[in-house]
Amino acid sequence: MIGRMDQRVTLQRLTETPDGSGGLVRAWADLDSNACVWAAVKAKAGRESMIEGRTTATYVVVFTIYNRSDLSEKDRIQWNDESYNIRGIMRTGTRDLRLMIEAERGVAQ
């Protein structure tokens, strides 16, 4: 744990495996053996909307982690037993030392 990076998050990727019947099963799995990392977490925004007569709430958070080259917007972050879909990744610092990841909870990937 370094500085404000005081939260543990897990980086996950959607994988496909054969189901034995000629089809595929899609499931989320940890990105690799180093998928659990320290992060700084900052709430950004939340909103409610009506979709097909139901109230839907979304919540946007910015996660800051140390730089990795294997993370993309197709992945997600698990934090406090909640899933956050990655919406954008921005590198910060003079040598791209950190990633600022904007992620959203409450919506489908």
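**Entry 1: Thr92.** I began with the contacts of Thr92 (heavy atoms within 4.5 Å). Leaving out residues up to four places away in sequence, I found that Thr92 touches Leu97, Arg98 and Met100. Thr92 belongs to strand β6, residues 82–92; strands are DSSP runs of E, at least two residues, numbered from the N terminus. Its relative accessible area is 13%, so Thr92 is buried (under 20% relative accessible area, with exposed over 50% and partly exposed in between; 1.4 Å probe, protein chains only). I also checked Asn67: it is 25 residues from Thr92 in sequence, and the C-alpha atoms are 8.9 Å apart.

**A note on the source.** This is a predicted model, in which local features need pLDDT of at least 70 and side-chain atom pairs count only at pLDDT 80 or more, while totals for chains, interfaces and linings use all residues. Residues are numbered from 1 along each chain as its sequence is written, and side-chain values use heavy atoms, with hydrogens and water left out.

**Entry 2: the ring pairs.** I then looked for aromatic pairs, meaning rings of Phe, Tyr and Trp (its six-membered ring) with centres within 6.5 Å; planes under 30 degrees apart are stacked, over 60 edge-to-face and the rest tilted. The count comes to three. For Phe63 and Trp79, the ring centres are 5.8 Å apart and the planes stand at 85°, so I noted the pair as edge-to-face. Phe63 is in strand β4 and Trp79 in strand β5, so this pair ties together parts 16 residues apart in sequence. Phe63 also pairs edge-to-face with Tyr84, at 5.4 Å centre to centre and 75° between the planes. That pair joins strand β4 to strand β6, across 21 residues.

**Entry 3: Asp75.** I found Asp75 in the loop between β4 (54–66) and β5 (76–79). Asp75 counts as buried because its relative accessibility is 0%. Which side chain does the side chain of Asp75 make a polar contact with? I found Arg13, at 2.7 Å (a polar contact is a pair of N or O atoms within 3.5 Å; within protein, one must be able to donate a hydrogen and the other to accept it, and residues adjacent in sequence count only if both atoms are side-chain atoms).

Note on methods:
Helices (H or I, at least four residues) and strands (E, at least two) are DSSP runs, numbered from the N terminus.
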